[in-house]
Amino acid sequence: MPSRFPRTSSLLAAACAALLLAACGKQAAPAQEAGAATPQADAAAGAVNLYTTREPGLIQPLLDAFTRDTGITVSTVLLKDGLMERLKAEGERSAADVLMTVDTGNLLDVVEAGHTQAVDSDVLESAIPAHLRGADGHWFALSLRDRVLYAHRDLALESFAYEDLADPKWKGRVCIRSGQHPYNTSLFAAMIAHNGEEATETWLRGVKANLARKAAGGDRDVARDILAGICDIGLANAYYVGRMKNAEPGSEQHQWGEAIKVIRPVFADGGGTHVNISGAAIARHAPNRDNAVRLLEYLVSDEAQSLYARANYEYPVKAGVELDPVVASFGELRVDPLPLTEVVRHRRQASELVDKVGFDN
Ligand code: FE
């Protein structure tokens, strides 16, 4: 029955994109990627506009399934950088319905700038644990990116606390990327929330003293350098291991992935494993609000959760969902129970500590 709507609106969108870009006014987006449909500001019954900082290719199969189920077409605008600027420039004329980002800090920046609105949804609240969404319904985690220990596969090591990384027994054996990278400042902020600023400073100095090389490069370089014998352990995101182990056998990436094993560290005070998120919110001026809520609710369904997380080897936010086999091989993820809003509050302190101890020097 609803098939007329998507057809009509996608035809309109295509016509708009191909012929009438200038006449489409604010939707003639400079940042819009080729191939993305033009967002529709009209509250046509069958449309929803998604502004995302993630590669839409990763989630396109999910969006297609949503359209098949509901008849609602999803127009995607990719904004790798500049989501905030775009929302600010568009103001209340914005076509944005759903805002999707990676990194807790990025998502909460958008919330704090007033670009979101509250959603009251039993479906979202029952699927997403309370510490992984805004208490006010302004944002929701959709997948988890756990920051784990990469260890040489032959190392006799079963469990690990983040605090252990400063243990002098690891002197000259640790690899990690820049302390100022958001993946690390997010973890260090969580450390401050758990152990306080002073203890975190001492810890950072200890980790710095253990480094086998300058804190630089990317997360996969930790595995590369473990294979090369430069270091034995390091912190990095778990999903890269999914990418490496699933790379072409014989390729460099595959060899890096095979050189390591993953241990999920916890905070020593009884905390769990630190996670960052990918997440979403409803835009403040969403012209298609009801459809936007339906899209978010769809993204926490069992099927969508599994596919959404597996698209990038992330971990589902909803319990009991089928995992990617490589991710499943890491064992159960015990997510740190500290609310992410509390962690994010210490971001700036964490960044200042990194400079103070000369972590990257
Ligand atoms: Fe990454």
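Reply: Let's start with one contact. The side chains of R264 and D146 meet in a salt bridge, with N and O 2.6 Å apart. Keep in mind that this is a predicted model.

Where do the two partners sit? R264 is in the loop between β8 (260–263) and β9, while D146 belongs to strand β5, so the pair ties together parts that are 118 residues apart in sequence.

Next, check how covered each one is. The cut-off for buried is under 20% relative accessible area. R264 has 11% relative accessibility, so R264 counts as buried. D146 has a relative accessible area of 4%, so D146 is buried too.

Now follow the chain from that loop into strand β9. This strand covers residues 275–283, and nine of its nine residues are buried, so β9 is largely enclosed by the rest of the structure.

Which strands pair with β9? Take β5 (residues 140–152), the strand that also holds D146. Six bridges join β5 to β9, and the two run antiparallel. Find S143 on your screen: S143 stands opposite S278 in β9.

Strand β3 (residues 98–102) is another partner. Five bridges join β3 to β9, again antiparallel. Look at T101 here, whose bridge partner in β9 is G279.

Then there is β4 (residues 116–117). Two bridges join β4 to β9, and this pair is antiparallel as well. T116 stands opposite A283 of β9.

Let's go back to salt bridges. The structure holds 18 of them. R264 with D146 is one example, and that pair ties together parts 118 residues apart, because one partner is in a loop and the other in β5. Other pairs are set up in another way.

Look at R205 and E201. They form a salt bridge, and their closest N and O atoms are 2.8 Å apart. Both lie in helix α7 (residues 197–210), and being four residues apart, they are separated by about one helical turn. R205 has 40% relative accessibility, so R205 counts as partly exposed. E201 has 15%, so E201 counts as buried.

Another pair is R224 and D225. Their closest N and O atoms are 3.0 Å apart. R224 is partly exposed, because its relative accessible area is 34%. D225 counts as buried, because its relative accessibility is 4%.

How many does the structure have? The count comes to one. The disulfide joins C175 to C231, with the sulfur atoms 2.1 Å apart. C175 lies in strand β6 (residues 174–175) and C231 in the loop between α8 (220–227) and β7 (233–237), so the pair ties together parts that are 56 residues apart in sequence. The torsion about the S-S bond is about -100°, so this disulfide is left-handed. Both C175 and C231 are buried.

One more site deserves a look: the iron ion. Which residues coordinate the iron ion? They are Y183, Y239 and Y240, each through its OH atom, at 1.9 to 2.1 Å. Along the chain, these donors follow the spacing Y-x55-Y-Y. Two of them link distant parts of the chain: Y183 is in helix α6 (residues 182–195) and Y240 in helix α9 (residues 239–245), 57 residues apart. Y183 is buried, and Y240 is buried as well.

Finally, step back to the whole chain. The secondary structure comes to 15 helices and 10 strands. Of the 361 residues, 56% count as buried. The accessible surface is about 15,500 Å², and 51% of that belongs to carbon and sulfur atoms.

One last number goes well with what you have seen. Take the contacts between residues at least 6 apart in sequence: 78% of them join residues at least 24 apart.

Note on methods. Residues are numbered from 1 along each chain as its sequence is written. This is a predicted model: local features need pLDDT of at least 70, side-chain atom pairs count only at pLDDT 80 or more; totals for chains, interfaces and linings use all residues. Side-chain values use heavy atoms; hydrogens and water are left out. Donors are N, O and S atoms within 2.8 Å of the metal (3.2 Å for Na, K and Ca); water is not among the atoms, so sites may look incomplete. Buried means under 20% relative accessible area, exposed over 50%, partly exposed in between (1.4 Å probe, protein chains only). A disulfide is a pair of cysteine sulfur atoms within 2.5 Å. Two strands pair if DSSP finds at least two bridges between them. Contact means heavy atoms within 4.5 Å. Accessible areas come from the Shrake-Rupley method with a 1.4 Å probe; for residues, only the protein chains shown count as cover. A salt bridge is a side-chain nitrogen of Lys or Arg within 4 Å of a carboxyl oxygen of Asp or Glu.
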